[in-house]
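Look over the model first, then read on.

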Protein chains: 2
Amino acid sequence: MTDKPLYIRVADSDNVAIVVNPGGLPAGTRFESGLVLKEHVPQGHKVALEDLAEKAAVVRYGQILGYTTRPIARGGWINETMIHLPSAPGFDDLPLATAPTLAQPPLEGYGFEGFRNADGSAGTKNLLGISTSVQCVAGVVDHAVKRIKDELLPRFPNVDDVVALNHAYGCGVAINAPDAVIPIRTLQNLVLNPNLGGAVMVVALGCEKLQPERLLPTTAITEAFDDSSIVRLQDEAHQGFGDMVASIMAMAEKRLSVLNKRQRVHCPASDLVVGLQCGGSDAFSGVTANPAVGYAADLLVRAGATVMFSEVTEVRDAIHLLTPRAATEEVARALIREMDWYDRYLAGGSADRSANPSPGNKKGGLSNVVEKALGSIAKSGTSPIVGVLSPGERVDRKGLIYAATPASDFVCGTLQLASGMNIEVFTTGRGTPYGLAMAPVIKVATRTSLAQQWHDLMDLDAGRIATGTATIEEVGWELFRLILEVASGRKKTWADNWGLHNALTLFNPAPIT
Amino acid sequence: MTDKPLYIRVADSDNVAIVVNPGGLPAGTRFESGLVLKEHVPQGHKVALEDLAEKAAVVRYGQILGYTTRPIARGGWINETMIHLPSAPGFDDLPLATAPTLAQPPLEGYGFEGFRNADGSAGTKNLLGISTSVQCVAGVVDHAVKRIKDELLPRFPNVDDVVALNHAYGCGVAINAPDAVIPIRTLQNLVLNPNLGGAVMVVALGCEKLQPERLLPTTAITEAFDDSSIVRLQDEAHQGFGDMVASIMAMAEKRLSVLNKRQRVHCPASDLVVGLQCGGSDAFSGVTANPAVGYAADLLVRAGATVMFSEVTEVRDAIHLLTPRAATEEVARALIREMDWYDRYLAGGSADRSANPSPGNKKGGLSNVVEKALGSIAKSGTSPIVGVLSPGERVDRKGLIYAATPASDFVCGTLQLASGMNIEVFTTGRGTPYGLAMAPVIKVATRTSLAQQWHDLMDLDAGRIATGTATIEEVGWELFRLILEVASGRKKTWADNWGLHNALTLFNPAPIT
Ligand SMILES: [Ca+2]
Ligand SMILES: [Ca+2]
Ligand SMILES: [Ca+2]
Ligand SMILES: [Ca+2]
Ligand SMILES: [Ca+2]
């Protein structure tokens, strides 16, 4: 890290830049360009590059973040209280699929060592998944999983772990409400996740609204075994708790035995289904980590992989930059459909997009959701958007996909798992210990200071881009190679090393009863 | 259990009864009354006591459950497909606080051995509670709690357990939406639960919307310690994961040391705050377990305790039987306010009360939500209703309280804990292994066959009432005495014996972002 005062201007038309140095820079600091700070500006926060009158457009990423609430002199600090939030882009006049298709050459010869599944997909882990039809059974399942890990798993060394898919849905819910389709398909698709190897089982109570048969959407899961793949606690055969646990363990053992026969085999990079997300973002997210992830996303798409970006409230204000990139008008209209659904969902609860960003985002220099969105979509790189998924839908094609989800980290992660994600890349500026039990999560720090402080939680330091010690391309390639290493089981993420796994958290926009 | 064919008719005006015998009874069965079954009737299901024409009122508990969809002969089976659901009672002409107050004599001399708290409340357990401001920290907290249990807890034998208050709220939520008040006050009030001894701590991330200071609503929690009661993972002092875990463990150790000095002392029964709930109900719930619970509720109220009944969708259709029992017109209007709020909440999601009962309820003989409600309110006994709580509000008086909650078992339980519950009584007919980490849950079986089959999960058999081997009064007294034993730590519930604890599940009617 150099001591030289540094700022980052993204586009030539920007009239603001962000301060790079840890701790920020004091009043009087002179940059190479001749700019002098009028006051202390915190790290990641914006400084005016020219005198701005009241109601002047604040331009970053070549886009208007909003309009000044007062005059700001060149060298002055611009924080969130000084910018009026503009209206979100309307849906009526958006350009649909108008961007010229960039002919990116295929990237050949890259692959990973994964677990081949009967349905053609590939796992980056070899997990026994124990799904549940209702929260009522969670205590029994947790008890059984602990015993399975202690007593059975040591005998099946090729199985990486046992994962209970506990959740808050299943009963006491308005299961026929229109929006109930979202949590139900999420649970249905979670059991199809490639990292569960097509050998899941379901623990049910018996009297719940969400009957367990609905969680076994294909016969592929059950036909490999001489049982129904369902343990019902209310089964007449269970004389008490001991019998219930024994039933779960016996069914688990059959699946562990089958899963244990699998070995990692070479899989082309096109078998990757990579989810992209950010959380605890700061102003560096959009200039270091997210562009590097975008570069890696382009490499992945060139290598034939599926790449999903998500988080509706964080792309909503940049929708006018995404609809042109849609591969077809139909895809562009699907993007608008998801934004519109979410606008109405928020309005139904008397909320709007201003609920994002969080206080921590603001402390990190992100003034409003426009600035956050412009930085956030950098993760998507430059590929055409070839498909759009509603929350929890399963991916059905290669290339860059928009998977609509809330921005909430664990809700987004859960929905991406349902969509078929076998590995996730997560960028963070403020720092979060986020992790998932069902797929490895590679965490990319936006600042070197975070990467150094959280040395045993951050997997990659993209902050080097801000200080000029690495380029976006270099970090992008590093990340691409790290994804292949982690997917191959040769490198462990820090979250997996410590066993840090967030709860599976379903998105249920319907009422509960 | 006798082999004699038995049915139960609740009120003299009932034109249906339910079959008692396990497995049901075959066509041709003749009862003592002379009634002969026309067809097989399953256990707990209704049989017509007289010939019913099409569109005839089906009467049980002296109330109309609905109207027949076809003629049903005396001795015929009446299931849910044969009854039209009537409209819910309107709110305009309900009798308000009109029932004569029953002068029940005080019940003196009953108490339990509990943990006296500084705020005057009493715990039935002595727990270290580690609250969290956001799901982001859950992985780290789980890791730390495991180490606290393994390395610290053995040194503090008077502390019963360490409980992580993990949840899905805190960030990625519309925190300023009007309905966000519910999850926020729930979390605020959970830390005040009597079983946490006024010595909680909060683990926070740092950048979340729900800042941890908001979870420490009184200074009473913090002033006993020389720290802030908050560990922020993003604290500058933390150099990596090891430091975070060390901070949590150090703060936990100080609290364990204080909690460990406490001893059980004699507390009057008036220190009990008993939550009542049912789940996996069947047709026996309303004639065995719930009336016995109602009898115990009356004893508790006479002994000066606080008793809460809940579950809006399960009392909604019996609201006309509750508003007369309100102690004042103001309380009656508060009951109506909560029913009305929930009607509108369900309608907002295009759902209605017909989402309850569950398929398991129906299989158990409960035809519709009217029948479920009539059986459900039996839990409340006969005392006047002296107060009404909105979801997650804290109880502030003795006597019978209506605490409005969803019927969902774990959501209701979480809200009752926030209201200050220190012990719960839970009735079940289909059977559920439900339990809570923060308070003991006494599970009462509605049928002897369930109590026998789930011998190591059910704490009390109320099914003896159906077969005539015990009266409602006898089982009510047994339950009352069992509550005092469990509250004193002298008897362990089966859920606590096996460590079966459901997830803390917040009620968040507001959108997420
Ligand atoms: Ca994000
Ligand atoms: Ca996120
Ligand atoms: Ca209930
Ligand atoms: Ca319930
Ligand atoms: Ca959990």
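**Overall build**

Q: What radius of gyration does chain A have, beside the value for a compact globule with 513 residues?
A: The radius is taken over C-alpha atoms, and the globule rule is 2.2 Å times the number of residues to the power 0.38. With 513 residues, that rule gives a value near 24 Å, so chain A agrees with a compact globule at 24 Å.

This is a predicted model, where local features need pLDDT of at least 70, side-chain atom pairs count only at pLDDT 80 or more, and totals for chains, interfaces and linings use all residues. Residues are numbered from 1 along each chain as its sequence is written, chains are lettered from A and ligands numbered from 1 in the order written, and side-chain values use heavy atoms, without hydrogens and water.

Q: How many helices and strands does chain A have?
A: Both are DSSP runs: helices are H or I with at least four residues, strands are E with at least two. For chain A the count is 15 helices and 21 strands.

Q: What share of the residues of chain A is buried?
A: Buried means under 20% relative accessible area, with a 1.4 Å probe and protein chains only. Of the 513 residues in chain A, the buried share is 65%.

Q: Which domains does the assignment give for chain A?
A: The bounds come from an automatic or database domain assignment. Chain A gets domain 1 (1-84), domain 2 (114-259) and domain 3 (273-498).

Definitions and conventions. Buried < 20%, exposed > 50% of the residue type's maximum accessible area, 1.4 Å probe, protein only.
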